[in-house]
Amino acid sequence: MGIIVAIEGADGVGKNTTSRLLCETLQAAGKTATVIGFPRYGETVAGVTIGRYLAGDMPVPVSPHAAATLYALDRFEWRDEILKAVEAHDVLIFDRYVASNMAYQGARVPAGESRALMEWILALETGQFALPVPALSIYLNTPWDLARALILQKAERSYTDKSFDAYEADVALQQRVRANYASIVEAGLLGPWRMVHASTDGTMRPPAEIVGEIISLLEAVPE
Ligand SMILES: Nc1ncnc2c1ncn2[C@@H]1O[C@H](COP(=O)(O)OP(=O)(O)OP(=O)(O)O)[C@@H](O)[C@H]1O
Ligand SMILES: Cc1cn([C@H]2C[C@H](O)[C@@H](COP(=O)(O)O)O2)c(=O)[nH]c1=O
């Protein structure tokens with residue numbers, strides 16, 4: 001039985017790059033490690049629907065609770081794979097997990113309703129859906145302007161041909177998402193958190209340096 005680490009943060013902050021390099025670095029050090037990313041675009045019923053939603057291709061409005069349930073269902077459909085992966089590896093890395101749902105859907109309701117929705121999502125996913133809680137979650141903090149430029153550098157995506165999907169295009173939403181992550185980290189919702197700064201002096205740190213810091217944090221996680 002391995003440990004679970006979740007890599008979290010706003011759009012374009014480097015989660016995918018960091019997750020993959022973390023996995024490769026752990027493997028090179030002799031550990032067994034794997035990455036599972038969410039959403040599972042094209043692989044679950046919910047993942048297909050989420051792809052259409054983010055591409056702006058839904059014939060009806062999708063409320064924050066409906067979107068939260070879709071993202072949670074995507075993970076529930078993948079729950080057996082998650083449990084098998086954590087059983088078979090020393091480290092299971094999530095590239096986005098339950099906290100993404102809390103931060104993003106919590107940003108789609110009035111500020112006064114945000115905390116209640118985030119706690120509703122936490123209970124749905126870790127309670128009713130019995131999804132495991134990470135031993136450590138990393139909040140990858142990248143300044144807004146850098147993250148914006150990095151989104152434009154991203155390779156083509158399976159679910160949209162636009163430069164920015166529906167959430168990325170909404171600048172005010174992205175700022176509320178960042179504020180929600182800060183409050184999730186501070187409150188320690190969904191287990192322990194550490195913040196890792198992905199940039200210094202206005203430029204991105206090399207991915208290997210970011211991964212080195214995360215590995216030091218992982219070594220401090222109690223067995
Ligand atoms: N530390 C880094 N230094 C330089 N470039 C980086 C770094 N991390 C990521 N990038 C580049 O930034 C772009 C976005 O990175 P990545 O896909 O890892 O972000 P993400 O947080 O997973 O994005 P999203 O939330 O939109 O899926 C990619 O082109 C990637 O190569
Ligand atoms: C897993 C998950 C994601 N989201 C949001 C966050 C992003 O804006 C998109 C996914 O896009 P990515 O470029 O593939 O990272 O969906 C969410 O609201 N809830 C979730 O559980």
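**Tour of the ligand 1 site**

Start with R96: one of its polar side-chain atoms sits 3.2 Å from an oxygen atom of ligand 1. That is a polar contact (a pair of N or O atoms within 3.5 Å). The model is predicted, so local features need pLDDT of at least 70 and side-chain atom pairs pLDDT 80 or more, while totals for chains, interfaces and linings use all residues. Residues count from 1 along each chain as written, chains are lettered from A and ligands numbered from 1 in written order, and side-chain values use heavy atoms, without hydrogens or water.

Next, select G12. A backbone N or O atom there lies 3.2 Å from a ligand 1 oxygen atom. Move to V13: for its backbone N or O atom the distance is 3.1 Å. Now show the surface. Protein covers 79% of the 630 Å² of accessible area that ligand 1 has on its own (Shrake-Rupley method, 1.4 Å probe).

Color by element. Helix 1 (15-28), helix 7 (144-153) and helix 9 (207-219) each give two or more residues to the shell around ligand 1. Helices here are DSSP runs of H or I with at least four residues; strands are E runs of at least two. Helix 1 gives the largest share, three residues.

Which residues come nearest? Of the 16 around ligand 1, pick G14, K15, N16, T17 and K154 (near means a heavy atom within 4 Å).

Finally, go to I7 in strand 1 (residues 3-8). I7 counts as buried because its relative accessibility is 0% (buried is under 20%, with a 1.4 Å probe and protein chains only). Its C-alpha atom is 18 Å from that of K154, 147 residues away along the chain.

Definitions and conventions. A polar contact is a pair of N or O atoms within 3.5 Å; within protein, one must be able to donate a hydrogen and the other to accept it, and residues adjacent in sequence count only if both atoms are side-chain atoms. Buried means under 20% relative accessible area, exposed over 50%, partly exposed in between (1.4 Å probe, protein chains only).
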